Amino acid sequence: DSIFRTVKDNPQHTFIFLTKQPQNLTKWSPFPDNCHIGVSVVDGNYLQPAIQGLCEIEAKTKFLSCEPLLGRIPLNGLAHHLQWCILGSQTQPMRHPPRAWVDEIISACDKAKIPVFVKEPLASHYNICPNCSYINNYAVMPSPKFEAIRPCLKCEAIIKFECEEEK
């Protein structure tokens, strides 16, 4: 109760709540408008319970945090239930998900007009703009690797990418 009193008393702030237990969210619904309510999913096995849990609550902003992304998450046809999506790699040990999984989620969110936040180091690993989630495909060679500062090909934000040496 004291947490939600603080939330309601501070509408100028955004409070982000993230859980791995979406079935518990109904206990606190409806959420104040300045709350972003999210569920962690690591692969497709967690997707249906997460979406169901989010559909059962009242919240202005509902999101998935696909982090660490350990398996394919087929969001097609489900992204419209969300207002936001977060993607991230496994850390310690560092393990990036396959590019196809990342592209599939970004594509599904783009179709549903849902913003995606791609966390570092995943964003720079796949040349994804952290500003607009655009996948920048620069002409590259296989080696050696270097870091470069380049404009995003979509929004022109200046960002640091992990790149292969150009010809």
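**From the loops to the core**

Let's begin with Lys-113, which counts as exposed because its relative accessibility is 73%, above the 50% cut-off. Before I go on, a reminder that this is a predicted model. Lys-113 sits in the loop between H3 and S5, and its phi is near 60°, a positive value in a residue that is not glycine.

You'll find Gln-92 in the loop between S4 and H3, and with a relative accessible area of 76% it is exposed.

While we're in the loops, have a look at the prolines. The peptide bond from Ser-29 to Pro-30 is cis, with omega near 5°, and Pro-30 belongs to the loop between S1 and S2. Glu-67 and Pro-68 are joined by a cis peptide bond as well, with omega about -5°; Pro-68 is in the loop between S3 and S4.

Now to the sheet. In what order do the five strands come? The order is S1-S2-S3-S4-S5, in an open sheet with parallel pairing. S1 and S5 are at the edges with a single partner strand each, so one side of each has no neighbour in the sheet. On average, neighbouring strands are turned by 20° against each other, ignoring direction.

Two helices to point out on this sheet: H1 packs on it, touching S1 and S2, and its direction makes about 145° with that of S1. H2 packs on the sheet too, touching S2 and S3, with its direction at about 165° to that of S3.

Let me zoom in on S2, residues 35-40, where five of the six residues are buried. On one side, S2 pairs with S1, residues 15-19, in the parallel sense over five bridges. Phe-15 stands opposite Cys-35, and Ile-16 stands opposite His-36. S2 is also joined by five bridges to S3, residues 61-66, again parallel, and there Ser-40 stands opposite Ser-65.

Thr-61 is in S3 and counts as buried, at 14% relative accessibility. Leaving out residues up to four places away in sequence, Thr-61 touches Cys-35, His-36, Ile-37 and Gln-83.

S2, H2 and S3 together make a right-handed β-α-β unit. Which residues of H2 are buried? They are Leu-47, Ala-50, Ile-51, Gly-53 and Leu-54. Looking down the axis of H2, these buried residues fall within an arc of 160°, so they line one face of the helix. The buried residues of H2 pack against S2 and S3.

That brings us to the largest nonpolar core, which has 36 residues; Leu-64, Cys-66, Leu-75, Cys-85, Leu-87 and Ile-105 have the most contacts inside it. At least two residues of this core come from each of H1, S2, H2, S3, S4, H3, S5 and H4. H3 gives the largest share of this core, five residues.

How values were computed: Residues are numbered from 1 along each chain as its sequence is written. This is a predicted model: local features need pLDDT of at least 70, side-chain atom pairs count only at pLDDT 80 or more; totals for chains, interfaces and linings use all residues. Side-chain values use heavy atoms; hydrogens and water are left out. Buried means under 20% relative accessible area, exposed over 50%, partly exposed in between (1.4 Å probe, protein chains only). Helices (H or I, at least four residues) and strands (E, at least two) are DSSP runs, numbered from the N terminus. Two strands pair if DSSP finds at least two bridges between them. A crossover is right-handed if, with the strands pointing away from the viewer, the path from the first strand over the helix to the second runs clockwise. The arc is that of the directions from the helix axis to the C-beta atoms. Contact means heavy atoms within 4.5 Å. A nonpolar core is a set of buried Ala, Val, Leu, Ile, Met, Phe, Trp, Tyr and Cys residues joined through side-chain atoms within 4.5 Å. Axes are lines fitted to C-alpha atoms, for helices over the stretch in contact, and angles run from 0 to 180 degrees between N-to-C directions.
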